[in-house]
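Take the sequence and the model together, and follow the chain as the text goes along. The question throughout is which parts of the structure lie against which others.

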Amino acid sequence: MLKSMTGFGKAVVEANHLTVTAEVKSLNSKFTDIYCRIPKTFSSREIEIRNILTQQLERGKIEFNLQVQYTDTTAGTSVNRALVQAYVKDLTETAAIFGNIETTELLKIALTMPNAFNTDAVSEEQSEAEWKVIVQAVNKAVEECNKFRQREGAIVQAKFIEYAQSIGSLLTEVEELDKTRIPGVRERLRKSVSDLLQDENFDKNRFEQELVYYVEKYDISEEKVRLRTHLDYFQTIVKEGNGKKLNFLSQEIGREINTIGSKANDVGIQRLVVNMKDELEKIKEQTSNVL
C-alpha cells in the first residue's frame, strides 16, 4: 500500500494523575527532519521520542508537540506558587490589553507554562510511570498519523494508476501513427533525391545505405517497447508502495518519451508526446510526497 508523507495525528491519554496530549504533523522531505516541542521537565527523554518518530514514520519533515498537565498535584508534585503567581500577573496584564479574561482561565494557562510544578520530590518509580503514559500518547498519535498517511496514499495511488494508464493510451495512439510514418519518411526521401536518380554517376548502393541509416535514425520501435514496459512496471511498484522506485522509474519514463518526441519527426506524434509529458509532470509532482 502506498503511503503519503503528509499526515497528522493527535492523542490524549489520562492516567497516573497526568493528562498527556501528543500531536504529530508530517510533510514531505527527502530526509528525516524532526522538530520537537516538549516540556523542559521531560527534555531528557527527547532522544527516545525522536527514536519512536524515526522508526515509525520513517521519513519526512516531522513536527511533534507534547503537552503534559498534572490532574493531581498531591501525587509527588507541588505547585511552584511563586512562579505561577508571576505567570498569572503577566497574563493578567497582557489580557487587559485585549479584554477581561477570568482569573480561572488565566490560572489554567499558567499551570501549563514551563516549571509550573516542582517535581524534585518525584520518585524514580513515579517518573517511569509518567514516562509510560507519555509513550502511550506518542504511539497513539503516531498511529493516527500513519492512518492519515495511508488514506492520503490510497488517493495518490489511484491517481498514479490513472496517469500511467493515460500515458499508455497515448502510447497506443503513437503506435498507430507510427505504422504509416516510416513508409512516409522513406517516400519523402525517395522524392527528394529523384533528380539524383537521373544522374549516371549516382551510386545506388550508397543511396540505399544512407536510406537505411535515416530510417533507423527515425525508428522508435525500441523506445515504444521500453516505455510500455516501464509503464507496466510502474503500476506494479505503485501497488507495492515504494516511493523511491517510483521517482526513479518516472525519470526513465521521461527519457523514453523525450526520445520518441525527438526521433519521430512527426507532428501528430509530437502532439501526443506533449500530452504524455503533461501526464508525467502530474506523476512527478506526487512522487516527492510518497514514502
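The paragraphs below go from the sheet to the nonpolar cores, then to an aromatic pair and a helix.

The structure is a predicted model. Begin with the sheet, which is open and has four strands in the order 1-2-4-3, with mixed pairing. Strand 1 and strand 3 are the edge strands, each of them pairing on one side only. Averaged over the sheet and with direction ignored, neighbouring strands are turned by 15° against each other.

Strand 1 and strand 2 run antiparallel and are joined by nine bridges. Within this pairing, Val13 stands opposite Val20 in strand 2. The two strands form a hairpin with two residues between them, and Asn16 in the turn has a positive phi of about 50°. Strand 3 and strand 4, by contrast, run parallel, with six bridges joining them. Thr32 has Gly60 in strand 4 as its bridge partner.

What packs on this sheet? Helix 1 does, and it touches strand 2, strand 3 and strand 4. The direction of helix 1 makes about 140° with that of strand 3.

Next come the side chains. In soluble globular proteins, nonpolar side chains tend to be buried together. Here the largest nonpolar core has 36 residues, and those that touch the most other members are Val20, Val24, Ile49, Leu53, Phe64, Leu66 and Ile134. Among the elements that give two or more residues to this core are strand 1 (7-15), strand 2 (18-27), strand 3 (32-37), strand 4 (60-70) and helix 1 (46-57). Helix 2 (81-98), helix 3 (103-111) and helix 4 (124-192) also give two or more. Which element gives the largest share of the core? Helix 4 does, with eight residues.

Leaving aside residues up to four places away in sequence, Ile49 touches Cys36, Ile38, Phe64, Leu66 and Trp131. There is also a second, separate core of 29 residues, which includes Ile167, Leu171, Val174 and Leu227.

Aromatic rings are another thing to look for. A pair of aromatic rings is described by the distance of the centres and the angle of the planes. A search of the whole structure finds one aromatic pair. Phe160 and Phe234 form this pair, with 5.7 Å centre to centre and 85° between the planes. Angles over 60 degrees count as edge-to-face, so the pair is edge-to-face. Because Phe160 lies in helix 4 and Phe234 in helix 6 (residues 221-240), the pair ties together parts that are 74 residues apart in sequence. Phe160 is buried, with a relative accessible area of 0%, and Phe234 is also buried, at 0%.

The last stop is helix 7 (residues 243-264). With 22 residues at 1.5 Å a residue, helix 7 should span 32 Å, and its end C-alpha atoms are 31 Å apart, which agrees. Several residues of helix 7 are buried, including Gly243, Leu246, Leu249, Ile253, Ile257 and Ile260. Is Lys244 in this helix buried or exposed? Lys244 has a relative accessible area of 59%; exposed means over 50%, so Lys244 is exposed. The C-alpha atoms of Lys244 and Val290 are separated by 8.1 Å, although these residues are 46 residues apart along the chain. Just after helix 7, Asn265 takes a positive phi of about 50°.

Key:
Residues are numbered from 1 along each chain as its sequence is written. This is a predicted model: local features need pLDDT of at least 70, side-chain atom pairs count only at pLDDT 80 or more; totals for chains, interfaces and linings use all residues. Side-chain values use heavy atoms; hydrogens and water are left out. A nonpolar core is a set of buried Ala, Val, Leu, Ile, Met, Phe, Trp, Tyr and Cys residues joined through side-chain atoms within 4.5 Å. Buried means under 20% relative accessible area, exposed over 50%, partly exposed in between (1.4 Å probe, protein chains only). Contact means heavy atoms within 4.5 Å. Rings of Phe, Tyr and Trp (its six-membered ring) pair if their centres lie within 6.5 Å; planes under 30 degrees apart count as stacked, over 60 as edge-to-face and the rest as tilted. Two strands pair if DSSP finds at least two bridges between them. Axes are lines fitted to C-alpha atoms, for helices over the stretch in contact, and angles run from 0 to 180 degrees between N-to-C directions. The expected span of a helix is 1.5 Å times one less than its number of residues.
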